[in-house]
Amino acid sequence: MSSPAARTSSLASIAQVFASARIAAMLGLGFASGLPLALSSGTLQAWLTVEGIDIKTIGIFALAGLPYTFKFVWAPLLDRFEPPFLGRRRAWLLITQVLLAAACWAMASFDPKTSIGMLGAIAVAVAFLSASQDVVFDAYRADLLEPAERGAGAAVSVLGYRLAMLVSGGLALILADQWLGWPNTFRLMGALFVLMAGITLLAPRTRVDAAPIRSDARREWIGFVAMIGAGLFTWWVLSSATGAMLPEKPGRFEKLGADTVALLGAFAAALYAARRAGFPSFVEPWDAFFSRRRAVALLALIVLYKLGDAFAGSLSTAFLIRGAGFTATEVGAVNKVLGLIATIVGALAGGALLAKLSLWRALLWFGVLQAVSNFGYWLLAVMPKDHTLMAVAVGVENLCGGLGTAAFVAFLMALTDKRFTAAQYALLSALAAVGRVYVGPASGVMVEAFGWPTFFLVTVVAALPGLALLWVLRREVDGLDAPAPGTAVADD
């Protein structure tokens, strides 16, 4: 058992990490990163609904979120081209925040009943700027934080992000409905982005020892256009071909398989075109990553680590209502509110523990907890309806998920090369989302075939390959705790 003096010293070191100016910047910029998400999706959807826009048109507005999926495409350009003020990363943050403020004010100037096309265009612009801000913020965080601060930085970023989603989501709906109306609510959100720009101006600078590679700008743009053109053309050809081979009413797995073939083919063609035409900002981050030892295994770990967590979360709301018999109000109060609080607490606790644990140990123990926490849903599936059990199951699952998220974000930060932080982090985080894309259709089929209890046991098993691979890669992950060549040093 540790002595009181040792425990006091441990707590002091954790407090010192969280008290850093760098960590304070993560809270404000995490808030800025989370603020735009609802403005081009849920909040905008509510405005259109209140204004009586038809449901088909509202459904089309969901496509405004596509830039979030494809942000890795232009992320290399944000590495390559840096505005000549404010230092690395902060200039792009400032630009995106000012433009987001302008976009919110522009959105408030149009009436959905008469200018639905303009609102759609602005919604896409908001999503594009938001996705770009995410790319730059992720890169700034990885550049700025020292290895011992990664967990705390990830945790505080999650806290800021979640708080912002409450402001631009739930709070914005209340303000629009009760006091301000929709145009003034969007103007208020624009004012918040101006405030976020002020936080960016006060945020610490980074100094990157390994400067980003500066290739010919004309070559970069030619490569970028060639990559986009080849990818879109190949996707169109393969989508048409696979669509013609599918039955008139394809099943979910058949449609998913066809879409996967088209996307993989488009990605391969885009990568080939980027290499042939010369797009260094896209190709060199990939080459740099694959030059590290056991790179493919590390990519597999990114996909597998939170797979069990993604399985359990994919149908959690449907299970609580349909499988466990709770009302929508009960699920909203417990699953959404308590779940959000538990996720934030878990992320903060994970950040504190990462200040003392090695990255590998944190990933291992938090991964085990993520897997075991899914047993709570299994208990709900086999036991009689019980509100206390639901609260405990939801709270524990989200708490453990928050712990795992803090460690996982720290892991992604540690993997990035500081010359290509924006490009590599965007690519790695897109890869991490692959599992979430595929578990949805698979989850529904499994529940229909085997029932809820078996499904939640499978979610526990789904976490095991990632944990096994993590054990195999212990040496590689342990090596990420040391500052790598080109790591960022902050000037407070």
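Arg-89 is buried, at 1% relative accessibility, where buried means under 20% relative accessible area, exposed over 50% and partly exposed in between, with a 1.4 Å probe and protein chains only. This residue is found in the loop between α6 (71–80) and α7 (90–107). Most residues other than glycine have a negative phi.

The model is a predicted one, in which local features need pLDDT of at least 70 and side-chain atom pairs count only at pLDDT 80 or more, while totals for chains, interfaces and linings use all residues. Residues are numbered from 1 along each chain as its sequence is written, and side-chain values use heavy atoms, with hydrogens and water left out.

**The chain as a whole**

The protein chain holds 25 helices and 2 strands; these are DSSP runs numbered from the N terminus, with helices (H or I) of at least four residues and strands (E) of at least two. Of its 492 residues, 51% count as buried. Among contacts (heavy atoms within 4.5 Å) between residues at least 6 apart in sequence, 83% join residues at least 24 apart.

How many of the 10 residues of α6 are buried? The count is 10 of the 10, so α6 is largely enclosed by the rest of the structure.

Helix α11 (residues 217–245) has 29 residues and spans 42 Å from its first C-alpha to its last, close to the 42 Å expected at 1.5 Å a residue. The expected span is 1.5 Å times one less than the number of residues. Buried positions in α11 include Gly-223, Phe-224, Met-227 and Gly-231.

**Packed helix pairs**

Two packed helices are described by the angle between their axes and the distance between the axes. Axes here are lines fitted to C-alpha atoms, for helices over the stretch in contact, and angles run from 0 to 180 degrees between N-to-C directions.

| Pair | Axes come within | Crossing angle |
|---|---|---|
| α15 (307–314) and α23 (452–462) | 7 Å | roughly 160° |
| α19 (375–382) and α20 | 8 Å | roughly 160° |

Helices α19 and α20 are therefore roughly antiparallel, and α15 and α23 are also roughly antiparallel to each other. Angles under 35 degrees count as roughly parallel, over 145 as roughly antiparallel, 65 to 115 as roughly perpendicular and the rest as oblique.

The crossing of α15 and α23 is right-handed, while that of α19 and α20 is left-handed. A crossing is left-handed if the near helix is turned anticlockwise from the far one by less than a right angle, and right-handed if clockwise. In the α19 and α20 pair, Gly-376, Tyr-377, Leu-379 and Leu-380 meet Leu-389, Met-390, Ala-393, Val-394 and Glu-397.

**Loop residues and cysteines**

Arg-294 lies in the loop between α13 (280–290) and α14 (295–304). Its phi is near 55°, again positive in a residue other than glycine, and the residue is partly exposed at 36% relative accessibility.

Lys-418 sits in the loop between α20 (387–415) and α21 (421–432) and is buried, with a relative accessible area of 4%. Lys-418 and Ala-139 are 279 residues apart in sequence and 8.4 Å apart in space, C-alpha to C-alpha.

Cys-104 is buried at 2%, and Cys-400 is buried at 7%. The count of disulfides (pairs of cysteine sulfur atoms within 2.5 Å) comes to 0.
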